[in-house]
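Please brief me on this structure.

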Amino acid sequence: MFKFIIQFLFFFWIWNANRKKKGSWFTPSSFLLGLYALGALLAIPTLYFGYYTEPYEAHYWLPMFEFVLWVMLFIIPFIIFNEKSIQTVVLPSRYFLNLFSSVIIVLSFYAIIYYIRTAGSILASGDIREIRNMISAGEEYSEGGLLNTIASVSSSFYVFAIVLFFIYIIIEGFKARAFLLLISSLSEPIHVLTFAGRDGIVFWIFSFAFFWTFFYKYLPQRVGKTIKKVFIYFGIALAIPLMMISVSRFERSDEGVLFSMASYIGQSFINGPLYFGIDDPPISHSGFTLINEILHRPVGGDGTRTLMEYGDWKSWTFGTLVVSLYRKLGGIELACFGLGAFLIFYLVLGKSKPRFRLNHLIIYLLYFQVVGEGVFYFRQYTRGGNLFILLCLFGALFADMFLKSTTPIVLYPAEK
């Protein structure tokens, strides 16, 4: 138990040190680091009330140390970069923003319409637990095919809908386009509900809160209270299916619903050290789905989809993005991936960026999506997730060509 208290104190120290450096708790980096500190904190009751024996053994100090080092590789860019240095946000012309936001709205509404019937039938089924078990066993509850792929990829861009929502609130207030973008952002929570999953709801809350802190100083004072109400009302509305799924899936378990909610994020910080404590940890070397297809690289069965159990470690529990990537790539490839991501972040953003441009925003958004959702697992392992990463990288690479306009939109801090 003591070693997990130390783990929490370390992440809390990182969180507090970042607060001192940035001068506030209300920053995007503080929110993200707070998620990791919260996960480390909830690992303590998860361990205490769970059926664990191995983490109490003394030799797990070293696996925990290795786990923490891997996690630090991915979160340290948010500590280095000082978002407080941003003075202005420079965006393309209104014409480009209107065109891009219209595409996001159309694609998102297509995804919502495509998935909402399946999501509704799952929530109304009365036995979400059985449906989840069926899906986990490999059975399909919803149809596949091209239309499903388009809807899946479209829903993954929900975070752009959230970012555009804040941008339009800043430049024109609560009007029709901002409202449509807000509704569009629900495409991913609805998509994930078709798997009887809670992740989409949680990730929507994460993303909305993160970019709220990012755009806060540009929001006119008159809309501040309205944004807070929107977050509360949408959060409550999304909490209903979240609790329905949690109760249905865990009310019959020995641990109960309350334990399942606490361990939802806390298990990552137990399962991570447990994985690195295995003498010969399972690694699939399966790589990334879309990259393999582009390179015509044959890959055998994906070991990450096989249910395995080594002592207290279980493959079906979270272990942060670190364990997900280690299992897919191996240690050397994970180090290359992490260092490559760090290098891209640092080359684009550096330590400070007074004039925050479109390419900076895209990389910042992408890195948050990977690391923020990574408090549970590496979520972009699918074909759609791989495509999301590639499109963001290409978008950042060619972003400057969209800023050639003589009438770019520049966001300035609002008077509070």
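Helices (H or I, at least four residues) and strands (E, at least two) are DSSP runs, numbered from the N terminus. This is a predicted model, in which local features need pLDDT of at least 70, side-chain atom pairs count only at pLDDT 80 or more, and totals for chains, interfaces and linings use all residues. Residues are numbered from 1 along each chain as its sequence is written, and side-chain values use heavy atoms, with hydrogens and water left out.

**Overall fold**

- The protein chain holds 18 helices and five strands.
- Its radius of gyration is 21 Å, close to the 22 Å that the globule rule gives for 416 residues, so the chain is as compact as a globular protein of that length. The radius is taken over C-alpha atoms, and the rule is 2.2 Å times the number of residues to the power 0.38.
- Along the principal axes, the C-alpha atoms fill a box of roughly 60 × 45 × 45 Å.
- Of the contacts in the chain with a separation of 6 or more, 82% join residues 24 or more positions apart. Contact means heavy atoms within 4.5 Å.

**Surface and charge**

- Buried residues make up 54% of the 416 residues. Buried means under 20% relative accessible area, exposed over 50%, and partly exposed in between (1.4 Å probe, protein chains only).
- The accessible surface of the chain comes to about 18,900 Å². Carbon and sulfur atoms own 66% of that surface. Areas come from the Shrake-Rupley method with a 1.4 Å probe; for residues, only the protein chains shown count as cover.
- There are 33 positive and 25 negative side chains, and the centres of the two sets lie 16 Å apart. Lys and Arg count as positive and Asp and Glu as negative, while His and the chain ends are not counted. Each charge is placed at NZ of Lys, CZ of Arg, CG of Asp or CD of Glu.

**Nonpolar core**

- The largest nonpolar core has 128 residues. Such a core is a set of buried Ala, Val, Leu, Ile, Met, Phe, Trp, Tyr and Cys residues joined through side-chain atoms within 4.5 Å.
- Tyr36, Phe166, Phe211, Phe215 and Phe376 touch the most other members.
- Helix α7 (residues 158-172) gives the most to this core, with 13 residues.
- Beyond residues up to four places away in sequence, Phe211 touches Val159, Ile162, Val163, Phe166, Leu365 and Phe368.

**Helix α15**

- In α15 (residues 320-329), 10 of its 10 residues are buried. Among them are Arg327 and Lys328.
- Its cover includes α2 (28-49), α3 (61-80), α13 (268-276), β3 (313-314), α16 (331-349) and α17 (358-373).
- Thr320 belongs to this helix. Its phi is near 70°, a positive value in a residue other than glycine. Thr320 counts as buried because its relative accessibility is 0%.
- Gly330 follows α15 and has a positive phi, near 95°.

**Two loop alanines**

- Ala399 lies in the loop between α18 (383-397) and β5 (409-411). Ala399 counts as buried, at 0% relative accessibility.
- Leaving aside neighbours within four places in sequence, Ala399 contacts Leu358 and Asn359.
- Ala399 and Gly145 are 254 residues apart along the chain, and their C-alpha atoms are separated by 32 Å.
- Ala196 sits in the loop between α9 (187-193) and α10 (199-215). Ala196 is buried, with a relative accessible area of 0%.
- Most residues other than glycine have a negative phi. Ala196, not a glycine, has a positive phi of about 55°.
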